[in-house]
Amino acid sequence: MLNQPSRALKAVAFLILSVWAAAVLYPLLWTFLSALKDNPQFLTNKPWALPETPLLWKHFTYVWQTYNFGSYFMNSVLVTVVSSIAAIVLSASTAYVFSRFEFRGSRLLYVAYLSAMMIPLILGLIPLFFLLDDFGLINKLGGLAIVYTAWAIPFGVFVLGGFFKSLPKELEEAAYIDGAGYFRTFFQIMLPMAKSGLVTVTIVNALNNWNEYIMGTVFINDPTQYTLPVGIAIMQAEMQYRTEWGPLFAGLLISMAPVLLMYMFFQRQIVSGLTAGAIK
Amino acid sequence: MEIRKTLGTVLTLALILVLAACGGGGKEKQTASGGDTPSSSNASPASPDASPVTPAESSDAQLEGDFEIQYFVGGYGDAWWKDVIAQFQELHPNLKIKQSAGPKINEQMKPRWIQGSPPDVVYIDGAGSNPRQMIEDDQLLDLSDWIGQATNVDGEKILDVMIAQPEQYGGKTYNIPLVFGSYGTFYDKALFAKNGWEAPSTYEEFLTLSEKIKAAGISPYIHTGVYPDYILGGFLYPAIISANGDDGQILQDMGDMKEGVFASEPVMKALNQLAETGSKGFIDQGAPALNHTDSQMLFLQRKAAMIPNGLWLESEMKNDAPADFEYGFVPSVTQSAGGKYVALPYTSTMAVAKKAKNPEAAKAFIQFIFTKQASLNWAEKTGALMNVKVDLESSSAGETAKNAMKYYSSDNTLVAPVVVFNADVFKVMCDATVALSVNKITPEQWAERVEAAAAKARK
Amino acid sequence: MSRQLQRKLFIAAFLVPTFLFFSVFVLYPVAKGAHISLFDWSGSSEHMTYVGLDNFKEIVRDPIVWKAIGNDYFLVLGKTIGIVLLATFFAVAVTRLRIRGASFFRIAFFIPNIISIVVIGVLWRFVYNPSIGFLNSFLSLFAAEPVNRPWLGEEGTALWSILWPSIWAGIGFYFLLLVAAIMGIPASLYEAAEIDGAKQGRQFWTITLPLVWEQVKVSVLHIVMTTLNGSFVMVLLMTEGGPDNSTQVLGSYLYQMGFRQFHMGYAAALGVVILIVSLLTTLVLQRLLRRDTVEYS
């Protein structure tokens with residue numbers, strides 16, 4: 001390397017990055033420390049004080065026993081996986097058509113999808129409830145997955161539409177000349193090339209659906225079907241009425257842990273997935 | 001107004017007398033007729049043309065079918081509900097009871113109400129619930145006739161055993177107060193004793209005391225700026241009633257949005273008191289940013305000396321108070337010398353859905369829970385008060401609740417009527433009150449804003 | 001099968017299922033919701049009264065709506081600038097500057113995106129707490145007397161105090177997107193530039209920025225859209241729109257009117273306004289951002 005960035009620049013950048021890292025990591029630490037404190041400690045000691053011994057690990061066992069985190073978690077996984085996959089299938093196909101084929105009304109349809117991204121969810125919330133009810137999908141995880149899928153389509157069409165458009169056309173044309181059909185060309189050539197776009201969209205959708213709780217709260221009213229965010233929202237509401245801060249933070253940590261671990265393990269794959277299609 | 005001294009021990013009973021004598025309710029002193037002859041007399045002045053109903057039937061007969069109870073679970077927990085519902089189930093084994101409950105139940109049940117398939121009976125409490133709105137939406141059953149004569153399962157007339165009487169909407173009763181609370185000003189007796197301070201009994205004393213507290217480096221008065229309900233209930237409403245010559249009718253007029261009432265002289269006087277307290281720097285500077293947990297926490301840490309709050313404060317914060325903390329309570333701090341304390345009741349109510357599929361069971365359930373035994377059970381399970389008079393002295397109700405009773409049993413305290421405001425007017429009143437407390441607007445501007453909101457809501 | 005027919009079949013097979021799904025579960029309920037804006041409806045009653053465009057006329061006259069729109073744009077502007085600048089800087093730092101611990105930063109910076117919004121709300125309220133908060137405790141270290149500023153309670157500071165956590169919570173994803181984009185730039189381009197003696201600064205302006213412009217554009221659009229229709233969550237958590245409506249945004253006002261003050265018809269009309277405002281903004285923005293995307297493939 002001929003031209004190393006200057007030392008000063010590197011030092012300043014490192015400092016700024018460290019400050020930001022502290023700003024994002026400290027909350028986790030704070031949540032963890034707070035989970036081990038009882039109320040008097042939590043309220044009267046300095047916010048950055050360490051918990052007093054004995055550490056109150058019982059807060060963790062208490063929430064684990066009181067709330068069905070295992071079942072919330074499984075429900076969330078189910079809904080998130082199903083809806084993320086379904087959404088990517090539905091939006092990738094449509095996005096590809098928009099990027100390569102012109103037909104009457106295609107422009108209008110595309111704009112309709114784009115505009116839908118700006119629709120405030122709350123506007124459709126109550127009509128949606130009655131719709132699901134008509135289909136017998138209230139209190140069903142399937143109903144939730146369907147709704148999440150549908151609401152994720154516009155974003156997928158938006159990102160993937162742009163993505164397919166930026167991919168070179170030569171490969172497809174070559175495939176067509178070789179006699180490949182439209183379907184085969186899409187699945188064998190275009191889809192693999194769009195990997196980074198697919199990963200991006202899936203991550204965003206999965207995160208959104210994993211954290212979604214407004215629809216979850218309104219459409220699911222059966223504790224055995226609660227997803228994690230709904231369970232947390234209920235837990236948080238209950239604990240705030242009882243001012244059980246320690247257990248509340250313990251519960252929040254328990255709910256965060258799987259995602260955090262998953263992210264740490266797969267972070268490389270995620271980033272390389274994001275870049276994959278872009279190189280070469 | 002003669003209160004028997006011996007009632008000191010039976011505090012709640014005394015409370016009823018005071019309420020009946022001073023408060024707006026006029027249904028006092030009806031000797032409870034036995035449960036066997038419920039329709040023998042035209043008992044309810046509120047509904048002279050009451051068509052006879054026979055509550056005894058519904059409480060004795062075996063109930064069947066589906067029966068759904070919706071109840072909000074908040075600071076009081078759900079132990080009491082589970083308990084009474086289990087008892088009710090035992091009494092009516094053929095009834096299929098469904099409980100729809102939780103801290104988010106108001107949101108969760110909303111579509112059902114819109115759809116016209118509500119639960120049978122509902123306990124109205126928590127965010128997103130407003131009985132006035134439910135009545136305007138025509139969702140609640142008119143209980144005027146029934147409640148006038150209804151007896152509980154012990155054969156006592158329900159209206160007679162209640163502490164606070166039901167609110168009236170256009171002269172009708174739709175909902176029945178189940179939980180009884182009251183606003184007031186709280187302080188820490190230990191802190192006051194240490195500094196030689198005395199709880200204020202008049203507005204003048206409040207100002208002098210605040211001056212001293214401020215000099216000692218503590219915020220004299222803190223409140224929950226994000227939810228101004230507290231400063232309204234603990235400061236402004238009592239001030240208005242005091243300024244109105246201890247007549248609670250003005251609050252009722254405000255609730256009914258009578259033209260000009262928000263700019264009337266008593267209201268202006270009260271507003272000026274709040275503005276004065278603010279401009280003298282007695283109100284904690286941080287208050288507008290605080291929610292109830294924040295403000296209560298600061299109060300418990302003695303960063304502030306006084307806080308307007310409700311009787312539920314002690315049980316809500318039972319895990320949080322320092323060991324030497326001692327709750328003190330005065331109903332109001334805004335009366336002039338010679339005026340009475342003004343206590344502002346706060347109730348959460350029960351109602352029957354207009355479209356209830358099993359109204360018989362709903363009514364029977366109400367008759368089942370408005371008993372002394374259930375009330376005692378409530379006090380023990382929640383530390384707060386249920387709206388049925390019972391001797392609490394030996395119960396585990398909180399010290400605050402018991403202390404507060406001493407004020408209620410004194411003829412120097414006036415209990416204001418229960419008023420539920422129109423949501424729009426209330427929101428404007430909340431915003432304007434916080435703005436006034438930091439002297440961003442003048443009392444005149446407050447009056448202007450709220451009058452305008454009321455005019456709009458009247459349309 | 002003719003090529004033409006194949007093409008039609010393909011298009012239909014790829015469009016129709018998605019569109020059906022989308023129509024039934026998004027368009028239909030939203031259209032129905034928008035229809036509510038023509039009614040006077042409490043949101044809980046079984047009955048509605050048709051009032052035509054009255055709700056919209058009312059909105060135009062409502063001073064809080066105008067204030068809310070102003071606040072929305074404040075947040076849009078603040079978040080876009082803050083997030084894009086910081087995310088770009090961070091992304092360049094962990095990729096091009098070869099800083100130590102780059103992979104650690106990459107993990108760390110994404111964390112706010114996985115923290116539940118509930119924790120974020122509780123946490124930042126503690127940061128801003130007037131007497132025991134981090135911020136005032138920290139500032140007091142440098143001041144003669146203790147700082148007691150109610151950051152969320154003063155009209156001058158409340159909205160700013162909502163902006164920071166929004167940036168803090170939002171940055172992770174865009175950071176990652178830009179990291180990926182920069183890593184996708186062929187190394188040969190930089191090598192060539194270095195041989196020409198281009199310094200880091202020039203490399204950034206001539207190579208990095210033009211080649212990630214597409215991602216920056218997508219980020220900006222996405223931030224703008226999610227802010228206009230999602231920033232209300234942060235507002236509700238931090239201030240509930242107060243003090244005295246000074247932090248109200250359209251979304252929080254919609255929530256307030258629909259669920260607290262029982263004017264669902266009016267709230268639906270506000271929803272339609274949010275939709276229109278978002279559409280217009282995005283349209284204008286897309287024109288502004290139109291700049292030839294450099295392709296390097």
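Two residues are in contact here if their C-beta atoms, placed from the backbone, lie within 7 Å. By that rule, residues 24 or more positions apart account for 69% of the contacts in chain C with a separation of 6 or more. Please keep in mind that this is a predicted model, in which local features need pLDDT of at least 70, side-chain atom pairs count only at pLDDT 80 or more, and totals for chains, interfaces and linings use all residues. Residues are numbered from 1 along each chain as its sequence is written, while chains are lettered from A and ligands numbered from 1 in the order in which they are written.

**Confidence**

- The model as a whole scores ipTM 0.84 and pTM 0.83.
- For chain C, the average pLDDT is 87, and 97% of the residues score at least 70; pLDDT is the predictor's confidence in each residue, from 0 to 100.
- Residues 293-297 of chain C are a stretch to read with care: the pLDDT there is below 50, and beyond near neighbours in sequence the stretch has ten contacts in the model.

**Chain A**

- Chain A has 13 helices and zero strands; helices (H or I, at least four residues) and strands (E, at least two) are DSSP runs, numbered from the N terminus.
- The C-alpha trace of chain A spans about 75 × 70 × 30 Å along its principal axes.
- Chain A has a radius of gyration of 24 Å, whereas a compact globule of 280 residues would have one near 19 Å. This radius is taken over C-alpha atoms, and the globule rule is 2.2 Å times the number of residues to the power 0.38.
- Of the 280 residues of chain A, 48% are buried. A residue counts as buried if 20 or more other C-beta atoms lie within 10 Å of its own, as exposed if 12 or fewer do, and as partly exposed in between, with C-beta atoms placed from the backbone.
- Among the contacts in chain A with a separation of 6 or more, 79% join residues 24 or more positions apart.
- Helix 8 (residues 170-177) of chain A is hardly covered, and the count of buried residues among its eight residues is zero. Just after helix 8 of chain A comes A:G179, with a positive phi of about 95 degrees.

**Chain C**

- Chain C contains 13 helices and two strands.
- Along its principal axes, the C-alpha trace of chain C spans about 85 × 75 × 30 Å.
- Of the 297 residues in chain C, 48% are buried.

- Chain B contains 19 helices and ten strands, and 58% of its 459 residues are buried.
- In chain B, residues 24 or more positions apart account for 76% of the contacts with a separation of 6 or more.
- Chain B is divided into domain 1 (59-181 + 346-415) and domain 2 (183-342 + 421-458), with bounds that come from an automatic or database domain assignment.
- The C-alpha centres of domain 1 and domain 2 of chain B lie 29 Å apart.
- Where these domains of chain B meet, 20 residues of domain 1 are in contact with 21 residues of domain 2.
- On the side of domain 1 of chain B that touches domain 2, helix 17 gives the most, with six residues. By class, this side of domain 1 has seven nonpolar, eleven polar and two charged residues. Ala, Val, Leu, Ile, Met, Phe, Trp, Tyr, Cys and Pro count as nonpolar, Asp, Glu, Lys and Arg as charged, and the others, Gly among them, as polar.

**Where the chains meet**

- Chain A places 70 residues in contact with 70 residues of chain C. Helix 1 (residues 7-35) of chain A supplies the largest share of the chain A side, 14 residues. That side of chain A has 52 nonpolar, 17 polar and one charged residues.
- Chain C has 23 residues in contact with 26 residues of chain B. The chain C side has eight nonpolar, eleven polar and four charged residues.

**The nonpolar core**

- The largest nonpolar core has 308 residues, and those with the most contacts inside it are B:I240, B:F365, B:V450, C:F175, C:L178 and C:L270. Such a core is a set of buried Ala, Val, Leu, Ile, Met, Phe, Trp, Tyr and Cys residues joined through C-beta atoms within 7 Å.
- This core lies between domain 1 and domain 2 of chain B, because both give residues to it.
- Leaving aside its neighbours within four places in sequence, C:F175 is in contact with C:A87, C:F90, C:A91 and C:F109.
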